[in-house]
Amino acid sequence: MSQFRGCCLPGKLLKALQVFSVGHTGPCLMAFVKKYLLPILVLFLAYYYSTKEEFRPEMLQGKKVIVTGASKGIGREMAYHLSEMGAHVVLTARSEEGLQKVVSRCLELGAASAHYIAGTMEDMTFAEQFVLKAGKLMGGLDMLILNHITYTNMGFFQDDIHAVRKAMEVNFISYVVMSVAALPMLKQSNGSIVVISSMAGKMAHPLVAPYSASKFALDGFFSSIRKEHAVNKVNVSITLCVLGLINTETAMKATSGVLTSQASPKEECALEIIKGAALRKDEVYYDSWSWTPILLGNPGRKIMEFLAVKSLTFDKFVSS
């Protein structure tokens, strides 16, 4: 158990690990413990008992940031927070009038620069070209915040395949298109991709099946890409933000008379997203219920992912 010396482990837990290792001497069990269980425990304990870096607003000063879905709601609030921190921002949404107002306010709040390009994420050509144009406007890119969505009406799913296709294209495929376009710039800056998701992308949620499907897709795709970045030593972080009900005008209108959960403030939500992105966290949970990150964080999944990666050989895929 010498590998635990110097770690800030609780005494009882360390003693239990020592007893376990000594008392279970079967060769197969010991091999499993040594190869899998102990490294997993070390990783988890190091995470929970290490001193975490604290967020500082100056982390965003001068950073070049794209925010989508920025004409209202959480996107608008993120743009305002980033501006107060002195970042460069390029915003997009469908509403040109709304974007004009947000950009004007961003400049008043202290943005290093603020621009907008209006368009729809139903158009994949626009999604790709927007990223490239934004990069040229700012002279590079440090952070890509993917926040836009298309809403589907709440209700039992019947046969509306068009709604499923549209949700997947706007809420998922366009995110992939934009992240691919941004990746060369983000590699140069060791930047970040921030993916705004939902609790409906972590758990089954009736009445929003197409929306939920698109959010589950975000988790599956971007969490897999995060693992690939680690293998390929690509220093571009991916932060998945899992949000509960937020008091945006659109969400309040959509859930009125249907959802009784307490809504959380969009201003604080936006700030927590930015903090998590700046600290390069894998996931950010924001909900009115404090148990949400514990219950949805799913340590069992993390253990299974760790074991899956350990069981793979990447030699034929990794270029020398």
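Leaving aside neighbours within four places in sequence, A163 is in contact with T152 and P210, where contact means heavy atoms within 4.5 Å. The model is predicted: local features need pLDDT of at least 70, side-chain atom pairs count only at pLDDT 80 or more, and totals for chains, interfaces and linings use all residues. Residues are numbered from 1 along each chain as its sequence is written, and side-chain values use heavy atoms, with hydrogens and water left out.

A163 belongs to helix 6 (residues 161-189); helices (H or I, at least four residues) and strands (E, at least two) are DSSP runs, numbered from the N terminus. Between A163 and Y151, twelve residues apart in sequence, the C-alpha to C-alpha distance is 9.2 Å.

Buried means under 20%, exposed over 50%, and partly exposed in between (1.4 Å probe, protein chains only).

| Residue | Relative accessible area | Class |
|---|---|---|
| A163 | 15% | buried |
| S192 | 4% | buried |
| W289 | 49% | partly exposed |

S192 is placed in strand 5 (residues 192-198). Its side chain makes a polar contact of 2.8 Å with the side chain of S237; such a contact is a pair of N or O atoms within 3.5 Å, of which, within protein, one must be able to donate a hydrogen and the other to accept it, and residues adjacent in sequence count only if both atoms are side-chain atoms. Beyond four places in sequence, the residues touched by S192 include D142, M143, L144, V236 and R280.

W289 lies in the loop between strand 7 (283-286) and helix 10 (292-297). Together with W291, I294 and L295, W289 forms a nonpolar surface patch with about 480 Å² of accessible area.

The largest nonpolar core has 38 residues, and L60, L82, L91, C106, I145, L243 and I273 touch the most other members. Helix 9 (residues 266-278) gives the most to this core, with six residues. A nonpolar core is a set of buried Ala, Val, Leu, Ile, Met, Phe, Trp, Tyr and Cys residues joined through side-chain atoms within 4.5 Å. Apart from this core lies another, of 35 residues, among them F126, L141, M185 and V242.

Over the whole protein chain there are eleven helices and seven strands. Of its 320 residues, 43% are buried. Among contacts between residues at least 6 apart in sequence, 71% join residues at least 24 apart.

Definitions and conventions: Patches are made of residues with over 30% relative accessible area and no salt bridge: like charges are joined within 9 Å, nonpolar side chains (Val, Leu, Ile, Met, Phe, Trp, Tyr) within 5 Å. Accessible areas come from the Shrake-Rupley method with a 1.4 Å probe; for residues, only the protein chains shown count as cover. A salt bridge is a side-chain nitrogen of Lys or Arg within 4 Å of a carboxyl oxygen of Asp or Glu.
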